[in-house]
Amino acid sequence: MRTLIIDDERLARTALRRLLRPYKDIEVAGEAANSEEGLRAINRFKPDLVLMDVEMPGRNGFELLEQLEDVPLVIFTTAFDTYAVKAFEESALDYLMKPISSERLEAALDRARKALAAAAARPAGAGASGSAPRQIFVRDGKRCWIVRLADIRLLESEGNYTRLHFGEDAPLVFRSLSALEQRLTPDLFFRSNRSQVINLQWIESVHNEIDGRLVVKLTKGELIEVSRRQSQRLRQLLSL
Amino acid sequence: MAMADKVKIKPMTAPGATAPTTAANDGQAYYVAQLLGWGLYAAFIYLISPGPKGPELAANALVWCGCGLFGTHVLRIYVDRHATHSVAQLTAGFAAAIVLIPAAMVSAQALTLGILNKQQGHYSGVVPHFFQAVLIISLWCALYFSARESRKRRAAEMEALRLALLAQVAQFRTLRSQLNPHFLFNCLNNLRELVDEDQERAKQLITRLSDLLRYTLRADRVETVPLKEELAALEDYLALEKIRFEERLRLRYEVTPEALAVRVPPMLLQTLAENGLKHGIAKLPAGGELSIAAVVSDGNLRIEVTNSGKMAHTSGSTVIGLENARERLKLVYGEQACLTLDVDSGERVHAVVTIPLPTERATGT
């Protein structure tokens, strides 16, 4: 596993390196001392795993992840940040408390290995090329998610915000739909009307309206009306 | 009487904070007022009544007033039994009292007159006397209840004051700046690593951390400490922060000897320094300087903590930290102490605390 360490304290980084030394499958590709360096290092090293302190001067760990086109596996580390710990717990994100115990680290690395293996076993998505973004970091209030793009069924514009629908969750993200759409793979996502983008993989059925427009039903039961112009395109895409 | 006393104590203590002595005083005041009031009324009747003065009139006046006294006392017992009820809820009781007590008074008078004159049915003033009694009893109720309500209000005000005092004490406790747990655990994490890297330094810093912890525990119990002790704790704190900042943090102390004895709230300097580190120096890639100066001038202690960096804009924690420090200063020194935050043209932020020197030896704890 290519691993990157991001922490603003030198001794904390050394401690992590030392703790990681016994694991032969972990290759520490680099270190970063703040979120700007971290952003560059992630884009350069393309790590499988990032061990990252949440609390950093400037942009914190969450803000760093929000910048990423493609989010790797992350294990957060924190000394004592009740707010962050609450977010981790509510969001089922993996985290370690400093000083880090080697047993806890081992368990977290085990989970990371399993997650990587599962991701490798899974097809990246219908027709998606290797360079396509796999997962993004989403934050809504206290909760946050690292979500695979392929798992997002629907994106709905709500003013300057966008509501993402995946699994049982539908967080509201402070990002316009058009800004988000640029990061989506066009062969997976389809703009059905002015305010909605759907994931083609999650279509359950397509119905014809009398006026020639289409209505799409997603697997969770959402009914999406497709605009007249986009109905033509969708027919071609799905070769109806 | 014994029964009345027993009844009296229960409702008096029911409202809560009223001390037993106040209740006893109120009870005494009631008896004095009752006896005096009815006594004077009896004397008044005796004096202004037309006709011959004599034992017959005296007996008449005494029976009339005695009956009123007894009736109103029964009313008081009834009201005390329903101490938690409002005046409105007791309306039925009043209405009954305003009719029944005068009726009793008139009947008693008629009876005495009958006995004294040994001739029944002669009593002609029933109706005017009844209405006079109604007037008197109404007046009694008005007086009794206004006294009772004002006492209740006073008790409520006392309770409110007591609660405000408690709240202030609690507020003072929470305003005390504690050692930031984030700092503490980061510190431990770094020390664990430093043990491998530089044993001697690790040992020294563990001692400093112990001293700092001891100081913060003590800070919970005292209102002020000499600046000398506060500075020693600050030096411990900054030595520990230097593990994290390394050469990015440069320190400078300028403290005049006469400032060392002045008493300051514990952890005040640490709050200011922590603030300067977190929002100033931590954000500068090349780090910066934190300088601590303390001088005595114009009857004030002036402490200045200066850090490189820009002013933190609307960071919640800063506002809370500084606001807490400000509140603490106000609680200890009143309005004369102040804390200001300024930024100068050289990209430095100055936190300045002014504390008035004690004018009398009694000031300070």
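This note goes through the predicted model of a complex of chains A and B, point by point.

1. **Ground rules.** Residues are numbered from 1 along each chain as its sequence is written, and chains are lettered from A in the order in which they are written. Because this is a predicted model, local features need pLDDT of at least 70 and side-chain atom pairs count only at pLDDT 80 or more, while totals for chains, interfaces and linings use all residues.

2. **Confidence in the complex and in chain A.** The predictor gives the complex an ipTM of 0.77 and a pTM of 0.65. Chain A averages a pLDDT of 87 (pLDDT is the predictor's confidence in each residue, from 0 to 100). In this chain, 95% of the residues score at least 70. Among its elements, strand β1 (residues 2-6) has the highest mean, 95. Helix α4 (residues 82-91) has the lowest, 79. Residues 125-132 of chain A have a pLDDT below 50.

3. **Confidence in chain B.** Here the mean pLDDT is 82, and 85% of the residues reach 70 or more. Two stretches need care. Residues 1-20 of chain B fall below 50, with 26 contacts in the model beyond near neighbours in sequence. A contact means that the C-beta atoms of two residues, placed from the backbone, lie within 7 Å. Residues 361-365 of chain B are also below 50, with 7 such contacts. Where pLDDT is low, the predicted coordinates should not be read in detail.

4. **Make-up of the chains.** Chain A has 7 helices and 15 strands. Chain B has 10 helices and 7 strands. Both kinds of element are DSSP runs numbered from the N terminus: helices are H or I, at least four residues, and strands are E, at least two. Of the 240 residues in chain A, 34% are buried. Of the 365 residues in chain B, 27% are buried. A residue is buried if 20 or more other C-beta atoms lie within 10 Å of its own, exposed if 12 or fewer, and partly exposed in between; C-beta atoms are placed from the backbone.

5. **Contacts along the sequence.** Take the contacts with a separation of 6 or more. In chain A, residues 24 or more positions apart account for 51% of them. In chain B, the share is 73%.

6. **The nonpolar cores.** The largest nonpolar core holds 100 residues. Such a core is a set of buried Ala, Val, Leu, Ile, Met, Phe, Trp, Tyr and Cys residues joined through C-beta atoms within 7 Å. V50(A), V74(A), L234(B), L269(B) and A273(B) touch the most other members. Helix α8 (residues 227-245) of chain B gives the largest share, 9 residues. A second, separate core has 18 residues, including W38(B) and W140(B). In soluble globular proteins, nonpolar side chains tend to be buried together.

7. **Two residues in chain B.** Leaving out residues up to four places away in sequence, L269(B) touches E230(B), L231(B), L234(B), I292(B), I303(B) and V305(B). M267(B) is in the loop between β3 (263-264) and α9 (268-279) of chain B. M267(B) counts as buried because it has 25 C-beta neighbours inside 10 Å. M267(B) and Y215(B) are 52 residues apart in sequence, yet 8.9 Å apart in space, C-alpha to C-alpha.

8. **Where the chains meet.** The contact takes 14 residues from chain A and 15 residues from chain B. The chain A side divides into 7 nonpolar, 2 polar and 5 charged residues. Ala, Val, Leu, Ile, Met, Phe, Trp, Tyr, Cys and Pro count as nonpolar, Asp, Glu, Lys and Arg as charged, and the others, Gly among them, as polar. In α1(A) and α6(B), the residues that meet include L11(A) and A15(A) on one side, and N190(B) and L194(B) on the other.

9. **Backbone points to check.** Most residues other than glycine have a negative phi, and most peptide bonds are trans. A cis peptide bond joins K98(A) and P99(A), with omega about -10°. P99(A) lies in the loop between β5 (94-97) and α5 (102-121) of chain A. E246(B) is not a glycine but has a positive phi of about 50°. E246(B) is exposed, because 11 other C-beta atoms lie within 10 Å. D298(B), also not a glycine, has a positive phi of about 55°. D298(B) sits in the loop between β4 (288-297) and β5 (300-308) of chain B. D298(B) is exposed, with 8 other C-beta atoms within 10 Å.
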